[in-house]
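Reader: I am new to this structure and would like to know what stands behind the terms used for it. Please take them one at a time.

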Amino acid sequence: MDLRSNYLGLVLKNPLVPSASPLSRNIDSAKELEDAGASALVMYSLFEEEIEEDDRVFDNSVHQDIGHGEASSYLPPDLSNQCYLDLYLTQLIELKRSLDIPVIASLNGTTMGGWVEHAIELQQSGADALELNVYHVPADLDETSAAVEARYVDLLTELKKHIDIPITMKLSSQFSSPGNMVKRLEAAGADGVVLFNRFYQPDIDLERLSIRHSLSLSRSPESLLAMRWIAILYGRVKLSLAATGGIHTADDALKILLAGADVCHMTAALLQYGPSHLTGMLEEITVWLEKNEYDSIEQMKGSVSQQHAAHPVDFERANYIALLQGFV
Ligand SMILES: Cc1cc2nc3c(=O)[nH]c(=O)nc-3n(C[C@H](O)[C@H](O)[C@H](O)COP(=O)(O)O)c2cc1C
């Protein structure tokens, strides 16, 4: 069975790719993912805030050196080794050295700043592609939707000035018109999109009357959100399509591929069941493809996209009306 899939111009041996997570912080766990069948690896993110913190520490150290010679002795002697950027680059180089599969670096930020230029260093350190996660919560009520959208396009445009490796944008689902947003990003040079960023919602602690932060892992039904939009986009845009959020089983992955995705990203299932879960999924995917007389992933990709579905409107409003009216 030919499980290969083309993503961002990279020919991957199959469509299962661990997404940004702590699993890439450790070389051994990354190697386990590769051995279990992962066809590429997205690194955990380097955050805008971390790079800015590096810059602040650097500025302080320079000023202390000039103004307060004595104070510089308080600084850790190997300060440069503590920089988030340096640590990230070192891990990227280590991952590239240890793995044969492509490694996709991840930048996570929301504002246009000097930090964007650091993408050059990610490219120089061997990243095969770059994922940009604009995890932006527009809490400023004066920020218009046009301004929010411009953030994504402007950040991408700026990044494109600095690097040649493919860039994929990890998007929020909360746009008025997600499909149009994807088209605009494609026009601005995006090589791919990752649908969708999973927002973590703050909770309220009823005992302490304070905000509580907890990270709950996804469940399978969440993957239907990305599946719908990938089905709508397939065949209408040329950039690569990746799905993230709720892909836990072979069935989840098959549906995402039938909708038209090039890549199924996974984190929660790998954290819960371990890297070997990938091996089982690849076996199940192969069995399903054989049973349904497909020769390859490329052949089945998009078979149930909106353009190819028997009832295309089912991906739109009609689905909703039928569901509500059919409920007894
Ligand atoms: C513990 C943890 C850490 C994560 N770290 C990052 C990160 O650094 N950057 C990022 O873009 N996404 C990050 N994610 C999001 C995942 O890459 C993924 O998009 C999300 O978990 C949805 O996929 P899933 O349902 O397979 O978990 C993280 C998720 C988890 C659970």
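Author: S296 lies in the loop between α11 (276-291) and α12 (297-300). Helices here are DSSP runs of H or I with at least four residues, strands are runs of E with at least two, and both are numbered from the N terminus. The model is predicted, so local features need pLDDT of at least 70 and side-chain atom pairs count only at pLDDT 80 or more, while totals for chains, interfaces and linings use all residues. Residues are numbered from 1 along each chain as its sequence is written, and side-chain values use heavy atoms, with hydrogens and water left out.

Reader: Why is S296 called buried?

Author: Buried means under 20% relative accessible area, exposed means over 50%, and partly exposed is in between (1.4 Å probe, protein chains only). S296 has 12% relative accessibility, so S296 counts as buried.

Reader: What makes the approach of the S296 side chain to Q299 a polar contact?

Author: A polar contact is a pair of N or O atoms within 3.5 Å; within protein, one must be able to donate a hydrogen and the other to accept it, and residues adjacent in sequence count only if both atoms are side-chain atoms. The side chain of S296 reaches the backbone nitrogen of Q299 at 3.1 Å, which is within the 3.5 Å limit.

Reader: Which residues does S296 contact, leaving aside its neighbours within four places in sequence?

Author: They are M1, D2 and L289. Contact means heavy atoms within 4.5 Å.

Reader: Is L209 buried or exposed?

Author: L209 is exposed, because its relative accessible area is 70%, and the cut-off is over 50%. L209 is found in the loop between β9 and β10 (210-212).

Reader: What makes the phi of L209 worth a remark?

Author: Phi of L209 is positive, about 50 degrees, although L209 is not a glycine. Most residues other than glycine have a negative phi, and most peptide bonds are trans. L8 also has a positive phi, near 55 degrees, and is not a glycine. L8 is in the loop between β1 (5-7) and β2 (10-12). At 5% relative accessibility, L8 counts as buried. A cis peptide bond, with omega about -5 degrees, joins L195 and F196; F196 is in the loop between β8 (192-195) and β9 (203-205).

Reader: Why is I104 called buried?

Author: I104 has a relative accessible area of 1%, so I104 is buried. This residue lies in strand β5 (residues 103-108). Beyond its neighbours within four places in sequence, I104 is in contact with residues including Y7, L8, L41 and A129.

Reader: Which residues of α8 are buried?

Author: They are S223, A226, M227, I230, A231, I232 and L233. S223, for one, has 4% relative accessibility and therefore counts as buried. The buried residues of α8 pack against α7 (178-187), β8, β11 (240-243) and α9 (250-259). S223 itself is in contact with G245, G246, I247, D252 and I256, leaving aside neighbours within four places in sequence. Just after α8, G235 takes a positive phi of about 85 degrees.

Reader: How many residues surround the ligand?

Author: There are 21, and the closest are A20, S45, N133, S218 and G246. A residue is near a molecule if one of its heavy atoms lies within 4 Å of it. The largest share of this shell, three residues, comes from β4.
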